[in-house]
Amino acid sequence: MKLKEKLWNWGHLEMSHNECTGLDCSMTPEQFAQEYGVPNAFIVSYGGNIQPPFDAFAERFNVLREVKWSVLGDASTPLPDAELGNTEDILAVLEKGKNITGGIVDDFFSEERMERFPPEVLSKIKQKLNGAGKDFWCVLYDNQLDLELEKYIECFDGITFWHWGCEKIRNMENNLDRLFNISNGKPVMLGMYLWDYADPDKRPMDSELFEKQLKRYFELLKEKKIEGIVFCSSTIGDADLEANKILKEYVVKYGEEEI
């Protein structure tokens with residue numbers, strides 16, 4: 001398998017981040033896959049902008065190599081009424097979305113979401129998805145590593161891990177050690193931001209820290225210590241940012257390597 005086949009886009013819909021970044025961007029997940037050589041995507045509702053039925057979206061994203069769909073959207077997306085979130089809606093479009101390989105809960109480890117979806121409910125979601133041959137993932141941030149999460153982590157097939165804030169990358173190695181301890185052998189994908197969303201001044205990523213993180217994550221991918229790398233996001237893929245340029249250069253340089 002080529003290295004680029006392990007690269008993922010955090011696929012919010014086009015223009016989703018314009019307000020929070022102040023940028024004027026319109027790149028789609030499909031365009032990002034073509035321009036950046038990142039063929040896979042997590043498709044996640046942002047502010048409630050992806051709602052069931054998912055038929056039209058599933059057909060649209062069939063051009064991607066592999067897709068994992070949000071059982072719960074981001075923190076600004078209202079929680080679904082159904083006990084199992086959007087699980088049944090995902091299963092309903094598998095014929096049209098033949099590249100859908102799993103589901104994910106975004107921004108999960110908050111008091112509201114953990115209370116609404118306790119381990120017994122998460123286990124039902126996992127069972128439903130696994131029964132259809134799909135896996136079940138979660139989002140975990142560096143500032144959540146101290147939470148008591150063991151009973152919850154057991155309910156997922158894999159973890160995507162993110163450093164919330166550019167400066168956190170300086171503590172990357174320590175956080176990764178803690179992550180791998182918490183994951184207890186489960187597959188891990190490591191997330192990377194193309195923009196520092198945690199910065200109140202709306203700043204781009206520090207290019208030196210971004211490249212340091214990207215280089216390290218590519219090493220871990222080649223060493224088969226992680227399952228993939230996820231980039232957030234195609235929504236700013238057409239912005240003139242150093243992080244975008246560095247990502248393109250790395251995919252061109254290393255993407256065709258067999259791992």
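**View 1. The largest cavity and the residues around it.** Lining the largest cavity are 14 residues, with His-163, Gly-165, Cys-166, Tyr-193 and Met-205 lying nearest its centre. This is a predicted model, where local features need pLDDT of at least 70, side-chain atom pairs count only at pLDDT 80 or more, and totals for chains, interfaces and linings use all residues. Residues are numbered from 1 along each chain as its sequence is written, and side-chain values use heavy atoms, with hydrogens and water left out. A cavity here is a set of points, on a 1 Å grid over the protein atoms alone, where a 1.4 Å probe fits but cannot get out; lining residues have an atom within 4 Å of a point. The volume of the largest cavity is about 70 Å³, counted as the space filled by probe spheres set on the points, with grid points joined across faces, edges and corners. The count comes to 1 cavity of 30 Å³ or more. Strand 7 (188–193) and strand 8 (195–196) each give at least two residues to the lining, and strand 7 has the largest share, with 3 residues. Strands (E, at least two residues) and helices (H or I, at least four) are DSSP runs numbered from the N terminus.

**View 2. The largest pocket.** There's about 350 Å³ of space in the largest pocket. Of its 20 lining residues, Tyr-46, Tyr-141, Trp-164, Tyr-193 and Tyr-197 sit closest to the centre. Strand 5 (135–141) and strand 8 are the elements that give two or more residues to this lining. A pocket is an open set of points with protein on both sides within 12 Å along at least five of seven lines.

**View 3. The second largest pocket.** About 190 Å³ of space lies in the second largest pocket. Its lining includes Leu-147, Glu-148, Leu-149, Glu-150 and Ile-153. Helix 7 (150–153) and helix 8 (172–183) each supply at least two of the lining residues, with the largest share, 3 residues, coming from helix 8.

**View 4. Asn-40, tucked away in strand 2.** Asn-40 belongs to strand 2 (residues 40–43). Its relative accessible area is 0%, so Asn-40 is buried (under 20%). A polar atom of its side chain lies 2.9 Å from the backbone oxygen of Leu-7, and one lies 3.3 Å from the backbone nitrogen of Glu-66.

**View 5. The largest nonpolar core, around Phe-109.** In the largest nonpolar core, which has 90 residues, Trp-69, Phe-108 and Phe-109 touch the most other members. Helix 9 (residues 207–222) provides the largest share of this core, 7 residues. Such a core is a set of buried Ala, Val, Leu, Ile, Met, Phe, Trp, Tyr and Cys residues joined through side-chain atoms within 4.5 Å. Leaving aside neighbours within four places in sequence, Phe-109 is in contact with residues including Met-114, Leu-140, Tyr-152 and Phe-156. In soluble globular proteins, nonpolar side chains tend to be buried together.

View 6. Glu-258 lies in the segment after helix 10 (242–254). Its relative accessibility is 57%, so Glu-258 counts as exposed (over 50%). Apart from neighbours within four places in sequence, Glu-258 is in contact with Met-1 and Lys-2. The backbone nitrogen of Met-1 lies 3.1 Å from a polar atom of the Glu-258 side chain.

Terms used. Buried < 20%, exposed > 50% of the residue type's maximum accessible area, 1.4 Å probe, protein only. Polar contact = N/O pair within 3.5 Å; in protein donor to acceptor, adjacent residues only side chain to side chain. Contact = heavy atoms within 4.5 Å.
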